[in-house]
Amino acid sequence: MTAFTDVYDRALVVMQDYKLDNLANTNYDAFLIFMKGLLENGIPFFNCCLNSLDYQDIEEQEIDDEGQEVTVINTYFIADLSRKEISILAMCIVYEWFKRDVNDATQYRQKLSTRDFKTESSYQSLQKRSEYLDKMKEQICQEIQNYQVDHMDELYSMYGGL
């Protein structure tokens, strides 16, 4: 079984966000819930994974900072994922995180007229972010296609002929 936190760790190498760092430091449970949401949104994007992307929550006993035994709920994929599969899922988390940022920026557009919005430097910034988001999606699609090519025989036997 592969822990969701393994995928989070891979994604966090790329993600630089002081708000996310602050959330992890002040309320780690909320941080895990947020990251789980990003991963759950990204999982359907990787719909051709050889391993099952089904997951389950498992109660486990851990020792907290004060040395007390506590019950925590950790989420695991039911399969052991390869490094490549973890990497693709991490890319999906980063994409979902950045998409959230771009979508948030569009919220204030409604408060400005179209003419004002276009003259603001925020318009250019949003446009660049949207273009970058598109490139991220293309990169994920390319990684998934490379994965499919590398495992063509297994995929063919799983899904049969064309």
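Reader: Why does Gln 148 count as partly exposed?

Author: This is a predicted model, and in it Gln 148 has a relative accessibility of 26%. Buried would need under 20% and exposed over 50%, so Gln 148 falls in between and counts as partly exposed.

Reader: Where does Gln 148 sit, and which residues is it in contact with beyond its neighbours in sequence?

Author: Gln 148 belongs to helix α6, residues 121-150. Leaving aside residues within four places in sequence, Gln 148 is in contact with Cys 48 and Leu 155.

Reader: What makes Thr 2 buried?

Author: Thr 2 has 4% relative accessibility. The cut-off for buried is under 20%, so Thr 2 counts as buried. This residue is in strand β1. Not counting residues up to four places away in sequence, Thr 2 touches Thr 75, Tyr 76, Phe 77, Ala 79, Asp 80, Leu 81 and Ile 86.

Reader: How do you know that Thr 2 makes a polar contact with Leu 81?

Author: A polar atom of the Thr 2 side chain lies 2.8 Å from the backbone nitrogen of Leu 81. A polar contact asks for N or O atoms within 3.5 Å, so the pair of Thr 2 and Leu 81 meets that distance.

Reader: And Glu 96, a charged residue: what makes it buried?

Author: Glu 96 has a relative accessibility of 11%. With the limit for buried at under 20%, Glu 96 counts as buried too. Glu 96 lies in helix α4, residues 83-107. Apart from residues up to four places away in sequence, Glu 96 touches Leu 38, Asn 41 and Gly 42. For the protein as a whole, 31% of the 162 residues count as buried.

Reader: Let's turn to the helices. Why are α1 and α3 called roughly perpendicular?

Author: Two packed helices are described by the angle and the distance between their axes. For α1 (residues 4-12) and α3 (residues 28-42) the angle is about 85 degrees, and the axes are 10 Å apart. Angles of 65 to 115 degrees count as roughly perpendicular, so α1 and α3 get that description.

Reader: Which residues of α1 and α3 meet, and how are they classed?

Author: On the α1 side there are Phe 4, Thr 5, Val 7, Tyr 8 and Leu 12, and they meet Phe 31, Leu 32, Met 35, Lys 36 and Leu 39 of α3. By class, this contact has eight nonpolar residues, one polar and one charged.

Reader: What about β2 and β3?

Author: β2 and β3 pair over nine bridges, also in the antiparallel sense. In β3, Tyr 76 is the bridge partner of Gln 56, and Asn 74 is that of Ile 58. The two strands form a hairpin with five residues between them, and Gly 67 in the turn has a positive phi of about 80 degrees.

Reader: What makes β1 and β2 the edges of the sheet?

Author: The three strands form an open sheet in the order β1-β3-β2. β1 (2-3) and β2 (55-63) each have a single partner strand, so one side of each is left without a neighbour in the sheet.

Notes
Residues numbered from 1 in each chain as written. Predicted model: local features only at pLDDT ≥ 70, side-chain atom pairs only at ≥ 80, totals over all residues. Heavy atoms only, no water. Pairing = 2+ DSSP bridges. Helix = DSSP H or I, 4+ residues; strand = E, 2+ residues; numbered from the N terminus. Axes fitted to C-alpha atoms, helices over the stretch in contact; angles between N-to-C directions. Parallel < 35°, antiparallel > 145°, perpendicular 65-115°, else oblique. Contact = heavy atoms within 4.5 Å. Nonpolar A, V, L, I, M, F, W, Y, C, P; charged D, E, K, R; others polar. Buried < 20%, exposed > 50% of the residue type's maximum accessible area, 1.4 Å probe, protein only. Polar contact = N/O pair within 3.5 Å; in protein donor to acceptor, adjacent residues only side chain to side chain.
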